[in-house]
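Please look over this model with me.

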Amino acid sequence: MQHKFRLGVLGSGKGSNFVAIADAITAGTIPAEVAVVLSDVESAGILTHARERHLPAHFIAPGKFRTKLDEDAERAFVTALTAAKVDLIVLAGFMRVLKGDFLRAFEGRIVNIHPSLLPSFPGLESWKQALDYGVKYAGCTVHFVDAGVDSGAIIGQQPVPVLDGDSAETLHARIHAAEHALYPKCVAAIARGDLSVSGRRVTWKKA
Ligand code: GRF
């Protein structure tokens, strides 16, 4: 049997991007399977969504820090992802910064989605940053993960207009909807082997 491209999905929250990816797999638009879903939050919606789909889903306690994994937790995540034989790690609302040993274990094989047009507005509540700054276009970015915060090579971006009457909530909702189209498209391109990477430049071999 042909090897299926295996995804390890990490999230801390609702899991709507995970749902978009899982639905795209079911619809046949991403040639991959979800090997495992992991969360640092025991009650995270992403785990519920995964279990409803009968996919392996585990909570791993993150340890004593607030914004990163401690050493034991990092080891537990790496062990679970290695055991699941993942080809790609998909961060879908994972709220902790990944560090050295984790990044080294999966170099070039971790992607993230961020709710802004990077390099503008990295970090938290980017849609609010965009609204306060007064940009006319916000959006979302899928990128490879490196040692920085939201700083890796950009795979795809989707602009979203900022409307005059927007609140942080309405803009966030519009960005979120754009994410649900962009992330499956980018993961599908990786699974198909349609991307080539040269330094920071990511080229799509096919449209
Ligand atoms: C998304 O807005 C994503 O850009 C950010 O975290 C959020 C996750 O949302 N990294 P969900 O859990 O996929 O609904």
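The numbered points below start with the basis of the model and then turn to the ligand.

1. This is a predicted model, in which local features need pLDDT of at least 70 and side-chain atom pairs count only at pLDDT 80 or more, while totals for chains, interfaces and linings use all residues. Residues are numbered from 1 along each chain as its sequence is written, and side-chain values use heavy atoms, with hydrogens and water left out.

2. Around the ligand stand G13, K14, G15, S16, N17, G93, I113, H114, P115, H176 and E179 (near means a heavy atom within 4 Å). By class, this shell has two nonpolar, seven polar and two charged residues, with Gly counted as polar and Pro as nonpolar.

3. A polar side-chain atom of S16 is 2.5 Å away from a ligand oxygen, a backbone N or O atom of G15 is at 2.8 Å, and a polar backbone atom of K14 is at 3.4 Å. Of the 370 Å² of accessible area that the ligand has on its own, the protein covers 87% (Shrake-Rupley method, 1.4 Å probe).

4. Helix 1 (16-26), strand 5 (110-114) and helix 6 (168-192) each give two or more residues to the ligand shell (DSSP runs, at least four residues for helices and at least two for strands).

5. The whole structure has eight salt bridges (a side-chain nitrogen of Lys or Arg within 4 Å of a carboxyl oxygen of Asp or Glu). One of them joins R6 and E33, with the closest N and O atoms 3.2 Å apart. R6 belongs to strand 1 (residues 5-10) and E33 to strand 2 (residues 32-39), so the pair, 27 residues apart, links distant parts of the chain.

Conventions. A polar contact is a pair of N or O atoms within 3.5 Å; within protein, one must be able to donate a hydrogen and the other to accept it, and residues adjacent in sequence count only if both atoms are side-chain atoms.
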